[in-house]
Amino acid sequence: MKIFQRLVPWILLAIALFILPAALDDFRLNLFGRYFALSITALAIDLIWGFTGLLSLGQGIFFALGGYAVAMNLMLNTKSLAGGNGIPKFFENYGVDQLPFFWQPFWSPVFTLIAIWVIPAAVAGLVGWLIFRNRIKGVYFSIITQAALMVFFHFFNGQQKLFDGTNGLKTSTTELFGQLVGSPDMQVWFYRLTVLLLPLAFLVCRYFTSGRFGDALIAIRDDESRLRFAGFNPVPFKTIVFLVAGALCGISGALYTIQSGIVSPQYMSISFSIEMVIWVAVGGRGTLVGPIIGATVVNYLRSLVSEALPEAWLFVQGALFIFVVVLMPDGIYGWITKGGFRTFLAAFGIAKKAKTYPQLDKEAIPVD
Amino acid sequence: MSMSEPLLELNDVSVSFDGFYALTDLSLKLYKGELKSIIGPNGAGKTTFLDVITGKVRPTKGTVTFKGKSLLGVSEQQISRDGIGRKFQTPRVFENLTVLRNLELSASPEKNAFSLLGSGLPQSSKDEVHRIMNYVGLTPFATVKAGSLSHGQKQWLAIASLVAQAPEVLLLDEPVAGLTDEETLRTAELIKSLAGDHTVVVIEHDMEFIRDLGFDVTVLHQGQVLTEGPLDKVKSDPRVIEVYLGPPEQ
């Protein structure tokens, strides 16, 4: 049984890497690539919300920053999309004939690969540090992150001359290594890349949530001011995890952008950032497996429902969220691990019965 | 530092919350190794007194010094690192950490975020944690989440966490509230065992417990020191009887 549990992650990885590409058509495989990309964002939110208790409603900022970073590089390096001055054509629509200065470094692929996670991390670190050092907590933290999201949304949405405004940057028609980014071959590679990065993101989150650092995060969630009286300053802990979560969201946004074919200010819409939180709640917060399940299941459901009944998805999502919060407060994963699945089977009379009572010496039931 | 110099000194400290004075010109000295019980009616300013020392509340007026250094404007975590530890009135433990993890976190000599990444607790601290956990009888519950402990066990975990933190000055706010008589006796033993190396301040309403501790008593009333001295002398003070103890039962 233990060996089996050890093998599970490898089996899942093998399925994702070899079986899914063989079993699914290009369109479906691409969708799964996107779900796995979004799972990285869900992991990041779990790190800050599930473990540390920081409910950020602004992770879309970092997600979109990662997406814009990769899209800017791809646009610059695609000759077919260049206008007269050798810069992306859309600039001509707004009478811009010189590349804005901050686009310049994005010519470099190396810079871009670093910027995808360092820029969101830097923004998150700075914003987080300012919020945390001023002891802004709870609902106020959520409101501030949402307000920051709105600021970023309006900035990107309104700046046609800098980012093509509301149109966003289309990556599907750009080229990489001489191939169209939107081509099926490229998309399979992006899928594989996502499948390999997701476990890495998982390991990063596990590094921060296990051990004594992880204990301190849980202590912050349980009773932050009490932790101060034990001699710990919560500010660096919170800043570090918020920064790491920002970096993960940036990587997630970049992977999502190249697979969905566009990055636009819609990635910084209020509803999208709230959806990210819903994925984590549905999957099970405070566990690292839960958010991956949540992001994949919710987005897969979204695809299925949207294909069948395009109008119905938002109602289904709302119902799903209420259902989970009321009936599965620990999310899908928490429900399974706490024996929910057995009660479910028991309802149909096919559950295995417990062999004996739980052993008292092992369960250590607290007594007065 | 000479013997006559106090370890902790409050001088003319006033704390006002929107015009209501929780402490009024309170002056109090605490010497190294001193053991003190503080009693007083509700609203006398006992908890605010601890809040001022531990950096939770900044006094409106007056000075607070520890080892000759001002504590005004110093953060809670720095005051804790400097050696002043506190147990809160309601037992505050980290509910989603196990008993062992609660104690290990408090016992950690490293308080810096980066030093907690990747490194384990030093063996000496681990041994100390097990010794304390054993002393308060929580060893069978080492792997139980603190949130599922009973009230009394949480009280002990809170006290044990404070001891694990190894402060020089221990401030205990109602350490035996909600404990059984036997637990109260054992808590008194634990606190008395700390005497010698530690400076201890206990706030309590349980007069039996105060008698058991045998510390000198300070009575607070309306944010000021009403009187100080051994318990028997304080108990017979007519002012203390009037504001706090009430007339002796017939």
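## Strand pairing in chain B

In this predicted model, strand 1 (residues 8-17) and strand 4 (residues 61-66) of chain B run antiparallel and are joined by five bridges. On the strand 4 side, Lys61(B) is the bridge partner of Ser14(B).

These two strands belong to an open sheet of four strands in chain B, ordered 2-1-4-5, with antiparallel pairing. The edges are taken by strand 2 (20-30) and strand 5 (69-70) of chain B; each has a single partner strand, so one side of each has no neighbour in the sheet. Helix 1 (residues 46-53) of chain B packs on the sheet and touches strand 1, strand 2 and strand 4 of chain B. The direction of helix 1 makes about 65° with that of strand 2 of chain B.

## Nonpolar core

The largest nonpolar core has 169 residues. Among the residues with the most contacts inside this core are Leu47(A), Ala216(A), Val241(A) and Ala245(A), as well as Ala160(B) from chain B. Helix 10 (residues 234-260) of chain A supplies the largest share of the core, 15 residues.

Leu43(A) is also one of the residues with the most contacts inside the core. Leaving aside residues up to four places away in sequence, Leu43(A) touches Ala201(A), Phe202(A), Cys205(A), Leu248(A), Leu288(A), Pro291(A) and Ile292(A).

## Confidence in chain A

Chain A has a mean pLDDT of 87, and 92% of its residues reach 70 or more. Over residues 358-365 of chain A, the pLDDT is below 50. Beyond near neighbours in sequence, the stretch 358-365 of chain A has six contacts in the model.

Terms used. Residues numbered from 1 in each chain as written. Chains lettered and ligands numbered in written order. Predicted model: local features only at pLDDT ≥ 70, side-chain atom pairs only at ≥ 80, totals over all residues. pLDDT = per-residue confidence, 0-100. Contact = placed C-beta atoms within 7 Å. Core = buried A, V, L, I, M, F, W, Y, C linked by C-beta atoms within 7 Å. Buried ≥ 20, exposed ≤ 12 C-beta atoms within 10 Å, placed from the backbone. Pairing = 2+ DSSP bridges. Axes fitted to C-alpha atoms, helices over the stretch in contact; angles between N-to-C directions.
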